[in-house]
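Notebook open, model loaded. I'll jot down what I look up as I go.

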Amino acid sequence: MKIESQADAILRYMETHKKGITPIDALELCGCFRLSARIWDLRHKGFTIESRPVKGHQYCRYVLLKEERDV
């Protein structure tokens, strides 16, 4: 049985939820306290992910723009 990594769970969430993911979503989804680090990992693998500031808050919503891997 393969255990899904936090980055894989976050990617799967962004693929099915086009509105993106926030740090609160990531914490509730997979116990991820460092969403920006997992986003960095996914970007490093070639995924295009946009950071969108959430109005009135000091965090971003991350939205998957391009699902193909460029690497």
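How do α1 and α3 lie to each other: roughly parallel, roughly antiparallel, roughly perpendicular or oblique? I looked up the axes first: those of α1 (residues 6-16) and α3 (residues 35-44) come within 9 Å and cross at roughly 80°. The two helices are therefore roughly perpendicular (65 to 115 degrees; under 35 is roughly parallel, over 145 roughly antiparallel, the rest oblique). Axes here are lines fitted to C-alpha atoms over the stretch in contact, with angles from 0 to 180 degrees between N-to-C directions.

A note on the source: this is a predicted model, where local features need pLDDT of at least 70, side-chain atom pairs need 80 or more, and totals for chains, interfaces and linings use all residues. Residues are numbered from 1 along each chain as its sequence is written, and side-chain values use heavy atoms, leaving out hydrogens and water.

Next I checked who touches whom (contact: heavy atoms within 4.5 Å). From α1, Gln6, Ala7, Ile10, Leu11 and Met14 meet Leu35, Arg38, Ile39 and Leu42 of α3. I get seven nonpolar residues, one polar and one charged in that contact.

Then burial (under 20% relative accessible area). In α3, I find Leu35, Ala37, Arg38, Ile39 and Leu42 buried. These buried residues pack against α1, α2 (23-30), β1 and β2. After α3 comes Gly46, with a positive phi near 110°.

Last, the strands. β1 (residues 48-53) and β2 (residues 60-66) run antiparallel, joined by six bridges. Ile49 sits opposite Leu64 of β2. Their hairpin has six residues between the strands, and Gly56 there has a positive phi near 85°.

Notes: Two strands pair if DSSP finds at least two bridges between them. Helices (H or I, at least four residues) and strands (E, at least two) are DSSP runs, numbered from the N terminus. Ala, Val, Leu, Ile, Met, Phe, Trp, Tyr, Cys and Pro count as nonpolar, Asp, Glu, Lys and Arg as charged, and the others, Gly among them, as polar. Buried means under 20% relative accessible area, exposed over 50%, partly exposed in between (1.4 Å probe, protein chains only).
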